[in-house]
Amino acid sequence: MTPSRIARLLPALVALFAATSSPAFAAGYPEKSVQYLIPFVAGGESDVVARLQQQVFSQKFKQEMVVVNRAGGGGALVWQQLNSLPGDGYTIAGINLPHIVLQPLEGTVSYKTDEMTPVYFFHYTPDALIVPSDSPFKTVQDFLKAAKDKPGTLNIAGSALNSANHAAHEKMNKEFGVKTTYVPFKGTGDLIASVLGGHVSAAMSYTTLAIQQKGKMRMLAVATEKRLPQFPDVPTFKELGGNWVDGAYRGVAVPKSTPENVRKQVSDMMDTLNKDPELRKKMVDGGFEVIDITYEKMPAFMKERTQDYMGTAKLMGLVK
């Protein structure tokens, strides 16, 4: 082979060597168990779906997906440590929006949004305004009228500060020209007790809570494109004139050291799980809106979502 031909082939040979020498590139990936870090407590939305994915993973790949709950800092405990973990495709972590955009703006975490490497988003939990079943507010119009008549007197429970619930609360105030007060809770259990006990006027939560508490709570409006089949009588915020289709997005991320080809393999693996008909049905029945944001779509998706959250961050006082 002539020197000139070797020179022409060299880039391709280097690329091939880099791909095949990567731990996760071997045919048949995944070839061993995958550790799936969930940065929240067991029983929450992230954990519930991870357990469903775990079952499908075992069926599809004949390997074990080890789900590990490491709660702390509203997810920040895991996200701050993620880039120190092996980038071999066998350690992945649950990742949430708007959390990874809003938390760094708050200034209390040691990671930055652009240091995160999401490779797949599989669903979002739509924002929902929820009241106890015995609430005097029978419709969302009743609620908004009361909020306008007595600004600042209606208290709305949500999970944590600078969270998806907090952002949704601020968005509702802006979209409908009302002023309500946000009351943060550490966990869903305390939030439910407060709502059912009448200590707050409503909750800014998710469709999942409305389904779990059906009969005890009533959903007034939901942030989806169309009405949900489980709640055909509940209007969307969009129907009411609000520019609002949003919620808490969930996906998986990998350490930043993970090679491009391995990132793609993890994304493809998660896409295989997410395309399973039984898993999709369980998510829809549970109140999740299924999406399929692969690694190739990630730059555009993250840019669009970040721009939207920056607008909400201004309402929350996180940026000027």
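The model is predicted, so local features need pLDDT of at least 70, side-chain atom pairs count only at pLDDT 80 or more, and totals for chains, interfaces and linings use all residues. Residues are numbered from 1 along each chain as its sequence is written, and side-chain values use heavy atoms, with hydrogens and water left out.

**View 1. The largest cavity holds about 60 Å³ of space.** A cavity here is a set of points, on a 1 Å grid over the protein atoms alone, where a 1.4 Å probe fits but cannot get out. Grid points are joined across faces, edges and corners, and the volume is the space filled by probe spheres set on the points. Lining residues have an atom within 4 Å of a point; in this cavity they include Pro 98, Asp 127, Lys 171, Asp 246 and Tyr 309. Helix 6 (164-176) and helix 11 (298-315) are the elements that give two or more residues to this lining, and helix 6 gives the most, with 4. (Helices are DSSP runs of H or I, at least four residues, strands are runs of E, at least two, and both are numbered from the N terminus.) Sorted by class, the lining has 5 nonpolar, 2 polar and 3 charged residues. Nonpolar covers Ala, Val, Leu, Ile, Met, Phe, Trp, Tyr, Cys and Pro; charged covers Asp, Glu, Lys and Arg; the others, Gly among them, are polar.

View 2. Look for Tyr 36, Phe 40, Asn 96, Phe 122 and Arg 250 among its lining residues. The lining splits into 6 nonpolar, 4 polar and 1 charged.

View 3. Val 49, Leu 52, Gln 53, Gln 55 and Val 56 in helix 2 meet Leu 279, Lys 282 and Met 283 in helix 10, with contact meaning heavy atoms within 4.5 Å. The contact residues divide into 5 nonpolar, 2 polar and 1 charged.

Definitions and conventions. On a 1 Å grid over the protein atoms alone, a cavity is a set of points where a 1.4 Å probe fits but cannot get out, and a pocket is an open set with protein on both sides within 12 Å along at least five of seven lines; lining residues have an atom within 4 Å of a point.
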